[in-house]
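Me: I have a model open and would like to learn how to read its features one by one. Could you walk me through them?

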Amino acid sequence: MAGTLPYGLLADGMVCETALGGLHCREDGALTDAVGRCSGDLFALGPMRWGTLFETTAIPEIRRQAADLAVLLKERCGRHVREASCETVLPG
Ligand SMILES: Cc1cc2nc3c(=O)[nH]c(=O)nc-3n(C[C@H](O)[C@H](O)[C@H](O)COP(=O)(O)OP(=O)(O)OC[C@H]3O[C@@H](n4cnc5c(N)ncnc54)[C@H](O)[C@@H]3O)c2cc1C
């Protein structure tokens, strides 16, 4: 649908569709662009993973994916917070 985020991402080559529908992504849901690169900044959940993953439409599957993705993002955020805190210069 023109004007929607998925449409814009597809049009810009930031994500790409599989031959079966859904979007190309890694096992953790990280989306790959039109030339197969993975930035690690965009993730798919649920039916958007269709074509890469068969069992991905029922709520229990989506809940599992969401929980796994939350753990992954929390680990990444934790790393960034620790790195940032090392560089912090307190005033005075
Ligand atoms: C008829 C039917 C029966 C099902 N029965 C079951 C079942 O019994 N058990 C089970 O586990 N699963 C069932 N499923 C599957 C499950 O409901 C879906 O896979 C799941 O809801 C998908 O979740 P989602 O968040 O990806 O998408 P959705 O639930 O479709 O949510 C997407 C949301 O985004 C909104 N949206 C869309 N475009 C825009 C936009 N441009 N801007 C803002 N908002 C937007 C939509 O209004 C919607 O609220 C069923 C699915 C269908 C179609």
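Me: Which residues make up the largest nonpolar core?
Reply: A nonpolar core is a set of buried Ala, Val, Leu, Ile, Met, Phe, Trp, Tyr and Cys residues joined through C-beta atoms within 7 Å. Buried means that 20 or more other C-beta atoms lie within 10 Å of a residue's own; 12 or fewer is exposed, in between is partly exposed, and C-beta atoms are placed from the backbone. Here the largest core has six residues: Val 15, Leu 23, Cys 25, Leu 31, Ala 44 and Met 48. This is a predicted model, in which local features need pLDDT of at least 70 and side-chain atom pairs count only at pLDDT 80 or more, while totals for chains, interfaces and linings use all residues. Residues are numbered from 1 along each chain as its sequence is written.

Me: What does Val 15 touch?
Reply: Two residues are in contact if their C-beta atoms, placed from the backbone, lie within 7 Å. Leaving out residues up to four places away in sequence, Val 15 touches Leu 9, Leu 10, Leu 23, Leu 31, Asp 33 and Leu 42.

Me: Now the strands. How many bridges pair β1 and β2, and in which sense?
Reply: Strands (E, at least two residues) and helices (H or I, at least four) are DSSP runs numbered from the N terminus, and two strands pair if DSSP finds at least two bridges between them. Strand β1 (residues 30–32) pairs with β2 over two bridges, in the antiparallel sense. Ala 30 has Phe 43 in β2 as its bridge partner. The two strands form a hairpin with five residues between them, and Gly 36 in the turn has a positive phi of about 90 degrees.

Me: Is Gly 40 buried or exposed, and why?
Reply: Gly 40 is exposed because 12 other C-beta atoms lie within 10 Å. Its strand is β2 (residues 38–43), where the count of buried residues among the six is zero.

Me: What surrounds the ligand?
Reply: A residue is near a molecule if its C-beta atom, placed from the backbone, lies within 6 Å of it. The ligand is surrounded by Thr 4, Gly 46, Pro 47, Thr 57, Ala 58, Ile 59 and Ile 62.
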